[in-house]
Amino acid sequence: MFKTIKPLALAAVMAALCTFAGPASARGADSVTYTVVSGDTLHSIARRYLKEGATAGQLQRINRVRNPRRLSIDRTLRIPRQMLKYDDVQLTVDTLAGDVTIAGGTPVKGRVLSVGQEIVTQRNGFISFVGTYGGRISLPSNTTAVLERARLYTLGNTLDVDFRVIRGRVNATSPTLEGQGRLRMRTPLATTAVRGTEFRVAYDPQNSDVSLTEVTEGEVQVAAGNESRAAPAGFGVSSSATGVSEPEALLPPPVFVDGNTVQTGETLNFAFEPVSGAQGYRVQIAKDLGHNDIITEQVVDTETVEFAGLDNARYYVRARSISPSGLEGLLSLESESFLRKRLDVAGVAGEDLLFDGFKFTWTPESGGSATFAFQLWLQDAPEVLLFDQVGLTETEITLTNLANGKYDWRVAVAETDPEEGLIKVWGPVQTFNVND
């Protein structure tokens, strides 16, 4: 269950969590509660849980306590979060790629994000943080966000993490939090509060007047305008200055056609089956199966997508369907794995005056331990291979005593991969004439 309280000083409505079972329960976005036990006084509570400068007298006024030395057992006290003693929660850079800055500088793996620092990812820039509380925050490309708060209060070992999304998307995964712990994602239009779930928040002020929340696991509470609404797993909501939409079922993921394959061409090409109701797709490539280390992505409005510039390696590709409302859908349970192995060969044929024959030469795209295959046939009889040689280690071959005629030929480059075995790519078929 959740409860939302609107701060009067802010245009954006802040959400908080409502009552949970346990020694303390939340009564507002900026307060926690404490249940009095035997032996408690306001002074002892202040010594244990309040930070320097916060006093028992303040607690007495906030809670209208007549005698600070005599408290009824099981009485509930409200304590503003800003008064609580806390330790900093660390969010550490785990993965990053492309053009990313933190506070204007270039981050490195292992850097700790400080409160108030702005994170910016440009096109094909990605970064993720792991928290000491066990969660993960990921910022894909074209995103700007600020860490507003990262605390672990002494009272109840209570977590309080707060991100402000200025533009773009932030993906969050959180374990189930104890007591009154919370993780919030805020845009200028809405606040999403969770206690243990996986969700995404998106806001694009240049192209839309709504904020989007998509829930893939658990449940979140979204507040905007004068409304607060729960969104369960598999649903999303859009928020504006006037309120929160009814939950909309997220679209299923597209199914790739031959996604688990070897990509040997100059560019990477993927195709997937269309999803009914989708107006587009977000396709991402990562270095890891969990897609924590994303390296590139594209948003397309067709069922095909092309990527360029990836080095030889094994990668993982996944896609989400995008509905007309802008909500991005569910992900498949597993990413499609594929091997990027750039293999190609270009050849030329010419007369070899030294040996009175024809010399065929080729240049492979890749180096290393490649071998080659060579085939030649008369154009009028393609089913009869006059030469069919494999395992060649040189990049040329000379043939003599060729009869007059029109010939086709081609050459292949081959490499052995530990997982895929032998990978062979044929170059284009070429033609030459032999005349006396």
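**Entry 1: strands 26 and 27**

I began with strand 26, residues 280–286, and found that it pairs with strand 27 in the antiparallel sense over 6 bridges. The model I am reading is a predicted one.

Next I turned to another open sheet, in which 3 strands follow the order 23-25-28 with antiparallel pairing. Which strands stand at its edges? They are strand 23 (256–257) and strand 28 (304–308); each has a single partner strand, so one side of each lacks a neighbour in the sheet.

I followed the pairing of strand 25, residues 267–272, with strand 28 and found that 5 bridges join the two, which run antiparallel. Within this pair, F270 has V305 of strand 28 as its bridge partner.

I looked up strand 18, residues 219–224, to learn how far it is covered. Of its 6 residues, 5 are buried, so the strand is largely enclosed by the rest of the structure. For my own reference, a residue counts as buried when its relative accessible area is under 20%.

Strand 18 has an antiparallel pairing with strand 15 (residues 191–194), over 3 bridges. In this pairing I noted T192 opposite V222 of strand 18. Strand 18 is also joined to strand 19 (residues 227–232), again antiparallel, by 6 bridges. Here Q221 stands opposite A230 of strand 19.

Strands 18 and 19 form a hairpin with 2 residues between the strands, and I recorded a positive phi near 55 degrees for G225 in this hairpin.

**Entry 2: positive phi outside glycine**

R64 has a positive phi of about 55 degrees although it is not a glycine. I located R64 in the loop between helix 2 (56–63) and strand 4 (76–80). Is R64 buried or exposed? It counts as exposed, because its relative accessibility is 75%.

N157 is a further case, with a positive phi near 50 degrees in a residue other than glycine. Its place is in the loop between strand 12 (143–153) and strand 13. With a relative accessible area of 53%, N157 is exposed.

**Entry 3: D162**

D162 counts as buried, because its relative accessibility is 3%. I then listed what D162 touches, leaving out residues up to four places away in sequence: V146, L147, E148, R149, R184 and R186.

**Entry 4: G405**

I looked up G405 and placed it in strand 36, which covers residues 405–417. G405 is partly exposed, at a relative accessible area of 23%. Which residues does G405 touch, apart from those up to four places away in sequence? They are F432, N433 and V434. I also checked G405 against A97, 308 residues apart along the chain, and found their C-alpha atoms separated by 55 Å.

**Entry 5: the whole protein**

The protein contains 2 helices and 38 strands. Its C-alpha trace spans about 115 × 40 × 35 Å along the principal axes. I compared its radius of gyration, 31 Å, with the value near 22 Å that a compact globule of 436 residues would have.

Of the 436 residues, 50% count as buried. Among contacts with a separation of 6 or more, 54% come from residues 24 or more positions apart. The accessible surface comes to about 20900 Å², and 47% of this belongs to carbon and sulfur atoms. Finally, I noted 42 positive and 51 negative charges, whose mean positions are 21 Å apart.

Methods: Residues numbered from 1 in each chain as written. Predicted model: local features only at pLDDT ≥ 70, side-chain atom pairs only at ≥ 80, totals over all residues. Heavy atoms only, no water. Helix = DSSP H or I, 4+ residues; strand = E, 2+ residues; numbered from the N terminus. Rg over C-alpha atoms; globule rule 2.2 N^0.38 Å. Buried < 20%, exposed > 50% of the residue type's maximum accessible area, 1.4 Å probe, protein only. Contact = heavy atoms within 4.5 Å. Areas by Shrake-Rupley, 256 points an atom, 1.4 Å probe, with all protein chains shown as cover. Lys, Arg positive; Asp, Glu negative; His and termini not counted. Charge placed at Lys NZ, Arg CZ, Asp CG, Glu CD. Pairing = 2+ DSSP bridges.
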